[in-house]
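Please look over the sequence and the structure below before reading on.

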Amino acid sequence: MQDNVGQSIKRLESESKVSGELKYLSDLKLPGMLHCKALRSPYAHARIVRIDSQRAAKFSGVEGVLTRDDMVDNPHFDSHYGPVLKDQTVVALDKVRYVGDLVAAVAATRLDIAEEALDLIEVEYEELGAVFSFEEALAENAPLLHEQVSKPEHGFVDLADVNPVEGTNICTTFHLSKGDLEKGFQNSDFVFENVFTCPSAQHAALETLCAVARLERNGGLTIWSTVQNPFVIRDQIAELFHLPVSKVRVIALNIGGGYGSKLYPKLEPLVAALAWKTRKPVGLTLTREEVFQTITKHAAEIHLKTGVTREGRLLARQCRIYLDTGAYAEIGPRVAKKSGYTAAGPYNIPNIQIDSCLVYTNKVPAGAFRGFGVSQSAWAHESEMDLIARALQMDPLELRQKNLLEEGGEFATGEHVHSFGLRQCVERVASALQWGEKCPPPPQKHLARGKGMACLIKATITPSISSALVRLNEDGSATVYVGTADVGQGSDTIMAQIVSQELAIPVTHVQVVHSDTDLCLYDLTTSSSRSTFHMGRAVQLAAQDIRRQLACLAGRLWNCPVEEVLFANQGVRCVVNDVVHAASYRNLLSASFGIKGANLVGKGTVKTEAVQRNGEPLTSAFWFAGAGAAEVEVDRETGSVRVVRYASAADVGKAINPFFCEQQLKGGAITGIGLALMEQLVYQDGLLINPNFLDYNLARFLDIPEEIIPILVERAHEEGPYGAKGVGETALIPVAPAIANAIEDAVGVRVTDLPITPEKVLRALQEKEQKAQLLEGPTPGRS
């Protein structure tokens, strides 16, 4: 049997997807299931003076209405929850904190009845002052969103130091320093200072958020959810409802995309509370507009100050980062931390100071988004790298090459990077776009072309843990149990390829059972591009456990050394005294146990720590390295930008399925183009005015470059399965700065606030022309 690792095997679920047979959560219909609709706040910040749900509760077809009256002083519930800080409530208790905040919910026999009943709920509000910007939120005597916030009983180890600043709207801060910053600036020949901003954005997963809850006869809860980390949801629900985790079961069916939007509790507390109240299953599927009102990407403002020598050596960098987490912390503290320690970029800089500040505002909550804050930081440091290069009259590629973090180099966190193919990524994207050669002339004079590049470093969540079970069935097929959620990235197929490789059985004979907390062992999360490295390795260890068991069975049966047992074609083989012994797995199990129904179970666990073996702190079990390069065409008359070609490179360690990796790079590039050129959430006095795909601009097929070049760099990591690391988030991060750098190369203007719309480009071109005219002075013959 040929190797399956390194082969572009098609997805196991591909046929069921294209045929429409694959079931998603919105297809789930439980007997007697009620339909839920939520009443949302029309105010950005207001105190709830009175709420009366009696008329709604009496409406025909309504089985239950959930308001604060059900939550306050209820011995069955905690009043607050949250993955990092307990600042969220199932429904508003004392006040609402953004337009769209949950006020009440109705469960009814039909969806239209639930919608109609919402109009019967009477709410009296007392409007309060609101804050919508960093300046307003951080101002002295600003209205406070949260007077007091507590922590969960069992929080994340990497976020144990998170503490809100009481009496302010500061959710948390993060600080990192290395070397002597002031000395670094003193020794610099030039110091550059710039400010970069990026707006809040939407994840735009095709499937909206869904959840179904059922109260079991033993008092436990079963929850079906479109969630990327079912075990975290299980723990949060258990704590919220005062249940042991053994009585909470969370099941994630096939998920239609996530990109971070389906991490951590969203709808689960609400449907669980309604199921508890009505004693019936309750389901909720959000509309697209409701998704926009539930979770977003963090808006950011990043201040950079960089000291550099005449020769282009970076000596010092100071970074101040402000992140808008909206009304609730959600997972914002981790975003602040990850965007913080990558803010100086993937460079060898001896003197660094980084301060990030996560700020509450009266806007839709922000959470995880593909890259966990690193795309915001990269937008700033990679844009500034080109500004520095142009000021020094140096090639941007050369400037990066002089300063890149190399294998074994010391990162800003003080740890040393390993299995780090950054230089290969940078140089290969440059080569793919023929860096150094002029762009071909555009077809019309008002068009101009240019090239730009950007690179990145990103961490994976650490410490972390993943466990897997592999069962070898009596017929020699295998069943794999993993907590990893398949959100469209192809994780089921990757796990099957690993088992197929280890046990020498066809991929089609491997069944993957995923994301059921009652059937699968613990897995921290399907995020942070961690699943192949952590769960893939756990699956490999579990399969190797079965290999050892099979070898022992064969050794006892044939009296041969276990190390001489070979595996091939769904069976074992060994030679004893020149006699060849061979058996299929089916026959070996039957002969060894004397029954037809015997099987073997293997277990594997991967656990990463926050401290390395040598005692050094460990921020990340491994570091992602990647780069992107863009060739753009700019219309000087309209300011419109078209990406002609884009090259995307990622150090994946080992491409277990090269096609999947290439598709991730292409998909990330397309998402990045949308975020670079058009995507932004627009607010007016706290009201989101583009909460749908009609008004929120996404990249279309016409916006996709003529050529996207995916480049896989394979710098194997000793702890990953076959050397594999991850790839999911890498491609998106450098896209926006690469495009901005290419625009400046084409027409000589710099845009520092995303998205780079035609209006901004045209305005910059006009300002450039006006400055040129002022420098030239008045035209002769004119007064």
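In which strand is Gly450 found? Gly450 lies in strand β16, which covers residues 447-459. The model is a predicted one.

**Gly450**
- Gly450 has a relative accessible area of 0%, and because buried means under 20%, Gly450 counts as buried.
- From C-alpha to C-alpha, Gly450 and Cys439 are 6.5 Å apart in space, and 11 residues separate them in sequence.
- Leaving out residues up to four places away in sequence, Gly450 touches Cys439, Ala630, Glu631, Val632, Ala742, Asp745 and Ala746.

**Asp324**
- Asp324 sits in strand β14, made of residues 314-326.
- The relative accessibility of Asp324 is 7%, so this residue counts as buried.
- The side chains of Asp324 and Thr361 are joined by a polar contact of 2.6 Å.
- Apart from residues up to four places away in sequence, Asp324 touches Phe132, Phe134, His298, Ala299, Val359, Thr361, Lys363 and Ala366.

**Helices α15 and α16**
- Helix α15 (residues 531-558) packs with helix α16 (residues 585-593) at an angle of about 60°, and their axes are 10 Å apart.
- Because of that angle, α15 is oblique to α16.
- On the α15 side, the contact is made by Leu550, Leu553, Ala554 and Leu557; on the α16 side, by Tyr585, Leu588, Leu589, Ala591, Ser592 and Phe593.
- Of the residues in the contact of α15 with α16, 9 are nonpolar, 1 is polar and none is charged.

Notes:
Residues are numbered from 1 along each chain as its sequence is written. This is a predicted model: local features need pLDDT of at least 70, side-chain atom pairs count only at pLDDT 80 or more; totals for chains, interfaces and linings use all residues. Side-chain values use heavy atoms; hydrogens and water are left out. Axes are lines fitted to C-alpha atoms, for helices over the stretch in contact, and angles run from 0 to 180 degrees between N-to-C directions. Helices (H or I, at least four residues) and strands (E, at least two) are DSSP runs, numbered from the N terminus. Angles under 35 degrees count as roughly parallel, over 145 as roughly antiparallel, 65 to 115 as roughly perpendicular and the rest as oblique. Contact means heavy atoms within 4.5 Å. Ala, Val, Leu, Ile, Met, Phe, Trp, Tyr, Cys and Pro count as nonpolar, Asp, Glu, Lys and Arg as charged, and the others, Gly among them, as polar. Buried means under 20% relative accessible area, exposed over 50%, partly exposed in between (1.4 Å probe, protein chains only). A polar contact is a pair of N or O atoms within 3.5 Å; within protein, one must be able to donate a hydrogen and the other to accept it, and residues adjacent in sequence count only if both atoms are side-chain atoms.
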